[in-house]
Structure formats: C-alpha cells, structure tokens
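User: I am new to this structure and would like to learn how to read it. Please take me through its features one at a time.

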Amino acid sequence: MGDGPLLDQNACCKTKQGPKPGGLMTRTLGSIRPRELMRWGGMFGEMGYRLGVPYRTIARNNLQFAFPSWKEHQIAEVSRRVFHNFGMTLTEMVQCAQLSPGDILSRCRLSGEDHFMRALEARRGIILVSAHLGNWEIGLQYLASHFGKRVHIVVRPLGPRWLDRWMNHARTRFGNQLISKRKAFPRMLKAIREDGIVALMVDLSSRKQSVAVDYFGHRTRVSPAAAMLAARCAAPIIAAFTLRNPDGSFTIEISAPVAVQRSGSLKNDLKCNSQRITDIVEKAVRKHPDQYLWMQKRWKDYYPHLYPGYRPRPQPLEE
C-alpha cells in the first residue's frame, strides 16, 4: 500500500508516540517570535564560534579552499555567520517541538511548487535531495504539512542516544518516517515504488559507498544513492533547499527535476548524475555561503592537509 495523504495533521501530532521534549529551554523558546529567536540562535552560534576552535578552523579552511579569491576579512566574517546560522537552526529545531502544522506553514513559503506538484501527479515517487543549507530540518516538516504526504527521511544515528531519540521524535511529529542510513537502499526503493517521497542529504558520503565528483572545482566524494534510485526506477530527482530570510521566515526553493542520464552504463550514469546533483548543491551554496554547514571535512579524502590532525585512510580510492 502506497503513501496516501495524511488524514489529519493535528491528530497525527496528538497521537504520535515518542519522547516528549521538555525542559526550561524548550518551553522558553517555544513562544519566542522568529526574529527574536534568530537573535538567541546567533548568540549561541557566537559562543560556538569563539569556543569551538577546531570547527572554526575547518570552516575557515573550507571557505578559503572553495573561494580562493576571498580576502581574509571575508573568510572571517562568513565563517562567523556560518556558526550563527547553525545556532539559529538548533534553536529553531527546539522551538519546532512546540509548533503545530499551522505554525510551520505560516513560517515558510514555497518557490517552484509547480515542479513538486507535477511530480506528485505523475505518481512515480520522488527522490528529494537537499544539503545542510539554511534550516534543512524545518523544510521536511513543512512539506509533510503542506502536501499532506509523508516524507521518508534517510538519517544517520546521532549520539548521545537521548539526542537521537529527541531528533527522531521531532522529525516524525507530522507523519514523516525515518530510514536508517545503514542498509537503507531496499527501504528507499520500496518507498519510491509505492509512490513515496524519499529525502536524502547529498552533501555527505561514506567512503565505502561513494563516487568521485567535482565540488567547487575540487575532487570529493558523494553518495550515489539518489542516482542509483533514479537508475532503478522512473522517479524524478528534485532538489529542495530551505533558506533563511532576514525576518526569521524561510523560503523553500524547489528546482526543476534533474536531467537524468540513462546511457546503459550504470557506472557512468551514477557518476554523471551524481555530478549533476552536486552541481545543483554547489550553485545553491554559492548563493548563500553563510547558511551552509562548512564545519564538515568535505574534501578530506583528496585534500587531507586542509584539516589539521586528520589522518587519511591508507587504502586507494576508486574513481
């Protein structure tokens, strides 16, 4: 049986079982207006920027690597705003645990909705790709609330365990379902074939299951999962990014479906289509570099010198 519309979003929130987020911070942040919440988040982010020296170094090195023409003051300013954006995202996630579907709907607006609607009407499933840009979490809750159709989110377990349980509850409040990244492909394929929506963050990868692509003009690794799904079924690949606005609202930008290559050579198609997806991510990040999570060792496999203390694995990479 396929993923039909969610019957009643408010009822879903009431009946969904799971750990209930609590505590003074959750209750306090739950009632704060978006612009004020951004200020709080920026303060937390500033603390992270000043205290998290290793992560600040990673962010600065990544930015210099991606934007070699930038001056030092630009690198410093954008890296600080990157931490502020991350702090805002965390505080917004805590607040979302207190919000209704109507609250989420009022906080966001869609750009490119017609691309998504046409894909839904085709009833072939949707491969939804995104990146750690803006507030990547709230957009998935919005899509479930707006379209009344659950999203299957591929996730990595978080540590500590209490945080993983809390995040799982927050992500599934409005009917979305989680697929653990480990051995996820059969479940993703099943969801797509049942006209479901599968959401993947495509700016991280596992070295064991990855392909080489160019990102900001430099070699890196990405997961071919989205490209593999497209090779196995007729579902379109659609990119969506939830971008932060100055007033605390969000714009969810949905792109036209990726032009998928189907040449008959699976290896070539996986590399080509993974590169096309990566190009879309890069274009979005170039427009909003201060909203991207630059604290990742994004080029560690080919340029380990960017990350002090990182020791690359000795085995060769397959191109």
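User: What is the order of the strands in the open sheet of seven strands?

Analyst: This is a predicted model, in which local features need pLDDT of at least 70, side-chain atom pairs count only at pLDDT 80 or more, and totals for chains, interfaces and linings use all residues. Residues are numbered from 1 along each chain as its sequence is written, and side-chain values use heavy atoms, with hydrogens and water left out. Strands of a sheet pair through backbone hydrogen bonds, either parallel or antiparallel. Here the open sheet runs β1-β9-β8-β2-β5-β3-β4, and its pairing is mixed. Strands (E, at least two residues) and helices (H or I, at least four) are DSSP runs numbered from the N terminus, and two strands pair if DSSP finds at least two bridges between them. β1 (108-111) and β4 (177-180) are the edge strands, each pairing on one side only. From one strand to the next, the twist averages 25°.

User: Which strand is joined to β3 by three bridges, and what packs on the sheet?

Analyst: Strand β3 (residues 151-155) runs parallel to β5, with three bridges between them. His-152 has Val-198 in β5 as its bridge partner. Helix α7 (residues 113-122) packs on the sheet and touches β1, β2, β5, β8 and β9 (250-254); contact means heavy atoms within 4.5 Å. The direction of α7 makes about 150° with that of β2.

User: What does Ser-223 touch?

Analyst: Ser-223 is in the loop between β7 and α11. Not counting residues up to four places away in sequence, Ser-223 touches Leu-204, Ser-205, Gln-209, Ser-210 and Ser-274.

User: How do the axes of α3 and α4 cross?

Analyst: Two packed helices are described by the angle between their axes and the distance between the axes. The axes of α3 (residues 34-51) and α4 come within 6 Å and cross at roughly 90°. That makes α3 roughly perpendicular to α4. Axes are lines fitted to C-alpha atoms, for helices over the stretch in contact, and angles run from 0 to 180 degrees between N-to-C directions; under 35 degrees counts as roughly parallel, over 145 as roughly antiparallel, 65 to 115 as roughly perpendicular and the rest as oblique. Tyr-49, Arg-50 and Leu-51 in α3 meet Val-53, Arg-56 and Arg-60 in α4.

User: Which residues of the largest nonpolar core touch the most other members?

Analyst: In soluble globular proteins, nonpolar side chains tend to be buried together. A nonpolar core is a set of buried Ala, Val, Leu, Ile, Met, Phe, Trp, Tyr and Cys residues joined through side-chain atoms within 4.5 Å. The largest one has 51 residues, of which Ile-127, Met-188, Leu-200, Trp-294 and Trp-299 touch the most other members. Its largest share, five residues, comes from α4. A second, separate core of 26 residues includes Cys-96, Leu-128, Leu-143 and Ile-238. Buried residues make up 52% of the 319 residues in the protein.

Conventions:
Buried < 20%, exposed > 50% of the residue type's maximum accessible area, 1.4 Å probe, protein only.
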